[in-house]
Amino acid sequence: MTLVKLDRKEDALEVFAQSIEHNQNYIKPRYQRMRLNKEAEKYTEALEDAKFILERDPHFGTIQSDYAELQKLEKEKVEKMKDEVLGNLKNLGNMVLGKFGMSLDNFKMNQNPDGTYNISMNK
């Protein structure tokens, strides 16, 4: 914990990992590692530790609310990444179609009742 207060978080993560390696069921270093990973926005790693703690000791500290918050943060991060990727793909598509005087905005996609899609071009 002293390393965390000294802002040597990478060193602290290493110490926590060594503690966990020494005793897989030791909850306190997992909880501290979870908190550090959450601060670093490494939500997947933090969720793994939170899930482990929740399974072993569901009444440990604030683990239930921490787990719920981490799930929400992870979902938000994934949605943000998905939006960013789709935006980049749209920009790439517009760059290619721009050479022909078109844009992805010229196309409309509708889902049919049977689950297939119909793509039409608007002018």
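Residues are numbered from 1 along each chain as its sequence is written. In this predicted model, local features need pLDDT of at least 70 and side-chain atom pairs count only at pLDDT 80 or more, while totals for chains, interfaces and linings use all residues, and side-chain values use heavy atoms, without hydrogens and water.

**Exercise 1.** Determine which residues of helix α2 meet helix α3.

*Solution.* Begin with the elements: α2 covers residues 9-22 and α3 covers residues 27-39, helices being DSSP runs (H or I, at least four residues). Next, apply the contact criterion (heavy atoms within 4.5 Å). On the α2 side, Lys9, Ala12, Leu13, Phe16, Ala17, Ser19 and Ile20 take part; their partners in α3 include Pro29, Arg30 and Leu36.

**Exercise 2.** Identify the salt bridge partner of Asp49 and state whether the two residues are buried or exposed.

*Solution.* Apply the criterion for a salt bridge (a side-chain nitrogen of Lys or Arg within 4 Å of a carboxyl oxygen of Asp or Glu). The side chain of Asp49 pairs with that of Arg30, at 3.4 Å from N to O. Asp49 lies in helix α4 (residues 43-56) and Arg30 in helix α3, 19 residues apart. Both Asp49 and Arg30 are buried (under 20% relative accessible area; exposed is over 50%, partly exposed in between; 1.4 Å probe, protein chains only). Finally, a network of salt bridges links Arg30, Arg33 and Asp49.

**Exercise 3.** Explain why Asp105 counts as exposed.

*Solution.* Asp105 counts as exposed because its relative accessibility is 56%. Its side chain meets that of Lys90 in a salt bridge of 3.0 Å, N to O. Lys90 is partly exposed, at 36% relative accessibility.

Notes:
Axes fitted to C-alpha atoms, helices over the stretch in contact; angles between N-to-C directions. Helix = DSSP H or I, 4+ residues; strand = E, 2+ residues; numbered from the N terminus.
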